[in-house]
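Let's take a guided walk through this model, from its helices and sheet to its cores and disulfides. Please keep the viewer open as you read.

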Amino acid sequence: MSRRRISAVVTALVLGSAVPVLLPAAPASAAACSSYPAWTAGRSYATGDIVRYTDGKAYIAEHDNPGYDPTISTWYWDPYACDTGSGNPSGSFVVSEAQFNQMFPNRNSFYSYSGLTAALSAYPGFAKTGSDTVKRQEAAAFLANVNHETGGLVYVVEQNTANYPHYCDWSQSYGCPAGQSAYYGRGPIQLSWNFNYKAAGDALGIDLLNNPWLVQNDSAVAWKTALWYWNTQTGPGSMTPHNAMVNGAGFGQTIRSINGSLECDGKNPAQVQSRVDAYQRFTQILATAPGGNLYC
């Protein structure tokens with residue numbers, strides 16, 4: 001599918017909005033799962049309550065309910081990402097928290113480092129494939145692209161609210177159960193359209209079709225949707241951004257896979273240069289070479 005359907009007019013979302021309308025971000029779910037109260041059968045819960053189920057996982061109440069089982073009553077409960085305390089099970093992330101803060105000195109607190117590291121388990125091959133240089137290059141490439149998409153990890157949601165009703169494709173059999181205006185761009189890659197929320201949610205085991213707001217209210221979920229795109233989607237390119245970096249195609253091919261139809265082949269060199277500048281800056285912070293093929 002076209003990257004334009006993934007994130008319509010990203011430049012306008014972040015860079016071209018005359019009147020910013022950033023919605024307030026809820027606190028990130030960096031808290032440990034064990035910090036939430038245990039679910040109790042028969043106890044009344046209100047919308048927004050978070051509980052720890054008997055399997056150790058957290059769930060958030062999507063509707064008031066009299067204590068229905070979170071694993072059965074999916075209308076009333078949705079999985080809620082939290083830190084199990086294991087961090088990244090495949091080992092430490094190649095970007096330290098200090099380096100992350102250096103990359104994004106003005107970031108929105110919603111885009112937390114703990115939210116990012118909690119999301120890494122969804123795609124354990126990310127920044128864990130190849131040599132140490134390749135691992136650092138992939139992390140820098142991912143963060144450089146999300147830097148561009150969000151104005152330096154500042155914007156959590158799409159800035160142009162006039163676009164919000166456009167992201168509902170009623171031709172899909174499941175329609176838009178959260179409402180016609182519910183599937184606007186959110187998160188580090190500005191996930192948009194009902195079919196992308198469904199695809200990302202299906203891949204991650206989270207019901208984002210019925211609850212797209214999780215992407216702007218839960219830091220780990222937001223990061224997971226970005227990693228979903230990075231690791232599984234080719235967009236207008238011929239490869240996933242992950243494969244572009246681990247197979248030596250170069251940073252330029254990540255740009256093509258994310259926004260190539262509007263930026264590559266000389267269409268918008270300033271936008272490409274913005275991404276390349278960030279990538280070179282981030283590889284320098286990570287003390288690694290940027291490699292070749294930086295442009296598309």
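This is a predicted model: local features need pLDDT of at least 70, side-chain atom pairs count only at pLDDT 80 or more; totals for chains, interfaces and linings use all residues.

**A helix and what follows**

Residues are numbered from 1 along each chain as its sequence is written, and side-chain values use heavy atoms, with hydrogens and water left out.

Now back to H5 itself. Helices here are DSSP runs of H or I with at least four residues, and strands are runs of E with at least two, both numbered from the N terminus. H5 covers residues 132-150, and its 19 residues reach 27 Å from the first C-alpha to the last, close to the 27 Å expected at 1.5 Å a residue; that expected span is 1.5 Å times one less than the number of residues. Buried stands for under 20% relative accessible area, exposed for over 50%, and partly exposed for what lies in between, using a 1.4 Å probe and protein chains only.

The loop between H5 and helix H6 (194-204) holds Glu158. Is Glu158 buried or exposed? Its relative accessibility is 0%, so Glu158 counts as buried. In sequence Glu158 and Gln190 are 32 residues apart, yet their C-alpha atoms are 7.0 Å apart in space.

**The whole chain and its sheet**

Stepping back, the protein chain has 11 helices and three strands, and along the sequence they follow the pattern α-α-β-β-β-α-α-α-α-α-α-α-α-α. Buried residues account for 52% of its 296 residues. If we take contacts (heavy atoms within 4.5 Å) between residues at least 6 apart in sequence, 61% join residues at least 24 apart.

The three strands form an open sheet in the order S1-S2-S3, with antiparallel pairing. Strand S1 (50-52) and strand S3 (77-80) stand at the edges with a single partner strand each, so one side of each is left without a neighbour in the sheet. From one strand to the next, the twist averages 35°; this rests on axes that are lines fitted to C-alpha atoms, for helices over the stretch in contact, with angles running from 0 to 180 degrees between N-to-C directions. Strands count as paired if DSSP finds at least two bridges between them. Three bridges join S1 to S2, and four join S2 (residues 58-61) to S3.

You can follow individual partners across the sheet. Ile50 stands opposite Ile60 in S2, Ala58 is opposite Tyr80 in S3, and Ala61 has Trp77 in S3 as its bridge partner. Along S2, Ala58 and Ile60 point one way while Tyr59 and Ala61 point the other way, and all are buried.

**Nonpolar cores**

A nonpolar core is a set of buried Ala, Val, Leu, Ile, Met, Phe, Trp, Tyr and Cys residues joined through side-chain atoms within 4.5 Å. The largest has 70 residues, of which Phe93, Phe100, Phe126, Phe142, Leu143 and Trp223 touch the most other members. Helix H8 (residues 219-232) gives the most to this core, with eight residues. Leaving aside residues up to four places away in sequence, the residues that Trp223 touches include Phe100, Tyr111, Phe142, Leu143, Val146 and Pro188.

**Two disulfides**

The structure holds two disulfides, each a pair of cysteine sulfur atoms within 2.5 Å. One joins Cys168 to Cys176, with an S to S distance of 2.0 Å. The torsion about the S-S bond of Cys168 and Cys176 is about 110°, so this disulfide is right-handed. Cys168 counts as buried at 11% relative accessibility, and so does Cys176 at 6%.

The other is formed by Cys264 and Cys296, whose sulfur atoms are 2.0 Å apart. Here the torsion about the S-S bond is about -90°, so the disulfide is left-handed. Cys264 lies in the loop between helix H10 (251-263) and helix H11 (269-285) and Cys296 in the segment after H11, so the pair ties together parts that are 32 residues apart in sequence. Cys264 is buried with a relative accessible area of 0%, and Cys296 is buried with 18%.
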